[in-house]
Amino acid sequence: MEKQNYYQPEIECASREQIREWQSEGLVKTVRHAYENSPYYRKKMDEHGVKPEDIKGVDDLHKLPFISKDDLREAYPYGLLCKPLSECVRIQSTSGTTGKRVIAFYTQHDIDAWDDGCARAIVAAGGTKDDVVHVSYGYGLFTGGAGLNGGSHKLGSLTLPMSSGSTDRQIQFMQDLGSTILCCTPSYAAYLGETVVEKGLQDTIKLKAGIFGAEAWSEEMRHDIEKKLGIKAYDIYGLTELEGPGVSYECCEQRGMHICEDQFIAEIINPNTGEVLPDGEKGELVFTSVNKEAFPMIRYRTRDICVLSHEKCSCGRTHVRMAKPMGRSDDMLIIKGVNVFPSQIETVLIDNGYSPNYQLIVDRVNNSDTLDINVEMNQETFSDTLGEISTREKTLVNALKGFLGIYARVHLVEPKSIPRSEGKAVRIIDKRKLY
Ligand code: DLL
């Protein structure tokens, strides 16, 4: 086994008793804080018949109600905010939708804790202050760029805030500045790898590790990236609602991602009944923050299907590990890093006069996601002239780009040509082998 460094050994390798104590203290504080400062949380707990004094530690977690993305939408924008705006220093937001996005708020304390999570991930991937950390996650509202940037700063590494895109420039900087750790989505890493190989530049780059997340990726993809870029590739997980990347990260063992348990309590539930499942059983991942000020999350249902393991990890870290997410309990798709719900596509189609008979075909071609949408014409939108059909397709492509922020190829098809289903409509054909 390679030599393992820790960023905060006193936390990352704390005893299970110590972790539970931190979590219990943090939970009690968080519940009271949310109840006293967010009308939405107060109402939710009152309706559920639970008061802050009922929560004395982790054993009482199950008494609290779940919250979901729907709650976040309903409470948008300030309903779950638990600190005055004057004490907040940042917002970040989920990718994807216009309209009601999820907006997360941070105090300086929250940013510091988030940076710690990302710094732990960088160190777990072998990073030190002597590394050159090349951050090609998007900067802006998306949490990827800001998160890894913050972690790298905190560690004291030289940080290259590249953001995504401009592949030639990325490679140029990698060569000129000797980037050693690459942080981006796995699909972009694969694309960068392909470009490096095509141009025969493997010997000119010094990368040793990559920290890739924000979307599902397979072990095959890991090996492909590792081979092309000559690196070891590490997984990192997170979501905007909780902070962003760094909620969990892989160590050198690469047998699951260690969850920052001083910051979050993780549970696995049966997505249909809400019943809490024992260690090792597959279900929906639920998180409770125990250290957040501005935007605490109490029993937040991530919709990510996952398994937890408390088995001892030989890296020395004691925090629970989560497997790579194995799918979702809702129909959210992540396409080129953008979170897309079929219902949003349906809204655009209906707004443009089409009926909700459509099919989404998602694929990954040359390591990049593609989205094709077959849309049935109806009486009002029917045409059999090619020019007219092509104009209408372009109108829909632009409308979808404006609403979702991603490019989709639209194909108008004949009325009643999309197979009807007797049960749930089969709207999504996902050909990517992600899970
Ligand atoms: O994707 C945060 C992030 C940025 C994580 C950079 C890792 C690296 P959201 O846009 O809010 O936040 O999307 C969160 O993305 O619920 C999962 O479904 C999915 N996801 C995130 N990381 C992984 C991963 C960021 N490593 C949603 N593997 C989550 C699989 C992931 N899915």
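Domain bounds in this briefing come from an automatic or database domain assignment. In this predicted model, the chain is divided into domain 1 (9-14 + 105-328) and domain 2 (333-434), and the C-alpha centres of the two domains lie 31 Å apart.

**Interface of domain 1 and domain 2**

- Contact between the domains involves 11 residues of domain 1 and eight residues of domain 2.
- About 810 Å² is buried between domain 1 and domain 2, with 45% of it on carbon and sulfur atoms. On the side of domain 1, the residues that lose the most area to domain 2 are E194, E215 and A216, together 39% of what that side buries.
- One salt bridge is counted between domain 1 and domain 2, and one residue pair is found in polar contact across this interface. Helix 8 and helix 9 each supply at least two residues of the side of domain 1 that touches domain 2. Helix 8 gives the largest share of that side, four residues.
- The side chains of R364 and E215 form a salt bridge, at 3.7 Å from N to O.

**Helix 8**

- Helix 8 comprises 13 residues (186-198) and spans 18 Å from its first C-alpha to its last, close to the 18 Å expected at 1.5 Å a residue.
- Because 10 of its 13 residues are buried, helix 8 is largely enclosed by the rest of the structure.
- The buried residues are P186, S187, Y188, A189, A190, L192, G193, E194, T195 and V196.
- These buried residues pack against helix 7 (167-177), strand 5 (181-184), strand 6 (209-213), helix 9 (219-229) and strand 17 (358-365).
- Just after helix 8, G200 has a positive phi of about 65°.

**Salt bridges**

- The structure holds 33 salt bridges.
- One of them joins the side chains of K44 and D71, at 3.0 Å from N to O. K44 lies in helix 3 (residues 39-48) and D71 in helix 4, so this pair ties together parts that are 27 residues apart in sequence. D71 has a relative accessible area of 7% and is therefore buried.
- The side chains of R222 and E250 meet in another salt bridge, at 2.8 Å from N to O. This pair links distant parts of the chain, with R222 in helix 9 and E250 in strand 8, 28 residues apart.
- Both partners of that pair are buried: R222 has a relative accessible area of 3%, and E250 has one of 4%.
- D369 and R364 also meet through their side chains in a salt bridge, at 2.6 Å from N to O. D369 counts as buried at 3% relative accessibility, and R364 is buried with a relative accessible area of 17%, since the cut-off for buried is under 20%.
- A network of salt bridges links E215, R364, D369, D430 and R432.

- T143 is found in helix 6 (residues 143-155).
- With a relative accessibility of 4%, T143 counts as buried.
- T143 touches Q92, Y106, W114, T240, E243, G244 and P245, leaving aside residues up to four places away in sequence.
- The C-alpha atoms of T143 and T94 are separated by 7.7 Å, although these residues are 49 residues apart along the chain.

**Backbone features**

- Most residues other than glycine have a negative phi, and most peptide bonds are trans.
- A cis peptide bond joins Y76 and P77, with omega at about -10°. P77 is placed in the loop between helix 4 (69-74) and strand 1 (90-93).
- A214, a residue other than glycine, has a positive phi near 90°. A214 sits in the loop between strand 6 and helix 9 and is partly exposed, with a relative accessible area of 36%.
- Q254, also a residue other than glycine, has a positive phi near 50°. The loop that holds Q254 runs between strand 8 (244-250) and strand 9 (257-259).

Terms used. Residues are numbered from 1 along each chain as its sequence is written. This is a predicted model: local features need pLDDT of at least 70, side-chain atom pairs count only at pLDDT 80 or more; totals for chains, interfaces and linings use all residues. Side-chain values use heavy atoms; hydrogens and water are left out. The expected span of a helix is 1.5 Å times one less than its number of residues. Buried means under 20% relative accessible area, exposed over 50%, partly exposed in between (1.4 Å probe, protein chains only). Contact means heavy atoms within 4.5 Å. Buried area is the accessible area (1.4 Å probe) that two parts lose on being put together, summed over both. A salt bridge is a side-chain nitrogen of Lys or Arg within 4 Å of a carboxyl oxygen of Asp or Glu. A polar contact is a pair of N or O atoms within 3.5 Å; within protein, one must be able to donate a hydrogen and the other to accept it, and residues adjacent in sequence count only if both atoms are side-chain atoms.
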